[in-house]
Every structure is written in structure tokens, then in C-alpha cells.
Amino acid sequence: MAKVITENAEQTRKIAEEYAKTLRGGDVIVLDGEMGAGKTVFVKGLARGLGIREEVTSPTYAYMNDYDGRLFHYDCYRIESAEQAERLGLADYFDMGGVCVIEWAQNIAPLLPEDCKRVTVKIIGKNKREIEF
């Protein structure tokens, strides 16, 4: 595992953009971090690194945003059970060839593939973050 310290949101995006180059279609990433840690900022960088130009927004109310079938960005904060996620069809995207990034993945843990990658974003200062992957 690698740890990187970033001083601002743009550095976080750049780290994610570089990390995206290590990913392949079908990868599932569990993205951990408290509210306001910069998880969506990280996903914006991933999208840029995957060549996606569309504006990335938090999928809090949609549960999952699909960016050209290349990136599926989940926010499972409001999901109450794996069964609910399954009814919503969220697990179906794991096999569609895009990169899946899941915030609040613990809420759907039984549905996750065994070989998930993990990225953790920790707040260590006003704008400073520790990113571990």
C-alpha cells in the first residue's frame, strides 16, 4: 500500500488521475473516508485519468452515476441493506466492464466482489489529506 499526502483538492485530483492509469475495466474500488474528506474530488480525478470529460457529481440521491459505461460512481450512504442494493440493480454494474468506485461500501458489503481494491482518504488538516491505496 502507498500513502500520499496532498495539500489541496487539485493535488488530490492529480493523485487520482495517476492512480486511474493503474486500473482496468472491471476493477471495483472501495473508497473510504468520512463526510467531507474529498471522496468525490478523488473520483473527479479518476474520471479525468480515464479520459472522461463529463462533470462528475456526487450520486448521493441517485445511488450511482454512470459515466459512458467506463466509470460507475456509487454512493451507498442511503442504502439500508445489500438486498435493497440488489433490488436497485447496483451489483449488475460490477460485470459491465467499467471501473466501479463505491463510497459507503460497507452498506452493500455482501454484494462486493472478493478482489476489491481499497482507497482511503483521511482528513489530516484543513485542506490536507492522506490518501492510501
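This is a predicted model: local features need pLDDT of at least 70, side-chain atom pairs count only at pLDDT 80 or more; totals for chains, interfaces and linings use all residues.
**Charges, burial and fold**

Reader: Which side chain meets K21 in a salt bridge?
Author: Side chains of opposite charge can pair when their charged atoms come close. A salt bridge here is a side-chain nitrogen of Lys or Arg within 4 Å of a carboxyl oxygen of Asp or Glu. For K21 the N to O distance is 3.0 Å, and the partner is E18.

Reader: What relative accessible area does E18 have?
Author: E18 meets K21 in a salt bridge. E18 counts as partly exposed because its relative accessible area is 47%.

Reader: Where do E10 and K14 lie?
Author: E10 forms a salt bridge with K14, the closest N and O atoms being 3.3 Å apart. Both are partly exposed, E10 at 28% relative accessibility and K14 at 48%. They stand 4 residues apart, about one turn of the helix, and both lie in helix α1.

Reader: Which residues are linked with E10 in a network of salt bridges?
Author: The structure holds 9 salt bridges. The network that includes E10 links this residue with R13, K14, E17 and R48.

Reader: What is the nearest side chain of opposite charge to D27?
Author: D27 lies in the loop between α1 (9-20) and β2 (28-32). Lys and Arg count as positive and Asp and Glu as negative, whereas His and the chain ends are not counted. D27 is buried yet has no salt bridge; at 4.1 Å, the nearest side chain of opposite charge is K117.

Reader: Which backbone nitrogen does the side chain of D27 reach?
Author: D27 touches T22, G98, V99, C100 and K117, leaving aside residues up to four places away in sequence; contact means heavy atoms within 4.5 Å. At 2.8 Å, its side chain reaches the backbone nitrogen of R24.

Reader: Which elements do the buried residues of α2 pack against?
Author: In helix α2 (residues 39-49), the buried residues are K39, T40, F42, V43, G45, L46 and A47. They pack against α1, β2, β4 (71-75), β5 (99-103), β6 (117-123) and β7 (129-132).

Reader: What is the radius of gyration of the protein chain?
Author: Helices (H or I, at least four residues) and strands (E, at least two) are DSSP runs, numbered from the N terminus. The chain has 3 helices and 7 strands. The globule rule, 2.2 Å times the number of residues to the power 0.38, is compared with a radius taken over C-alpha atoms. The rule gives 14 Å for 133 residues, so the chain is as compact as a globular protein of that length, with a radius of gyration of 14 Å.

Conventions. Residues are numbered from 1 along each chain as its sequence is written. Side-chain values use heavy atoms; hydrogens and water are left out. Buried means under 20% relative accessible area, exposed over 50%, partly exposed in between (1.4 Å probe, protein chains only). A polar contact is a pair of N or O atoms within 3.5 Å; within protein, one must be able to donate a hydrogen and the other to accept it, and residues adjacent in sequence count only if both atoms are side-chain atoms.
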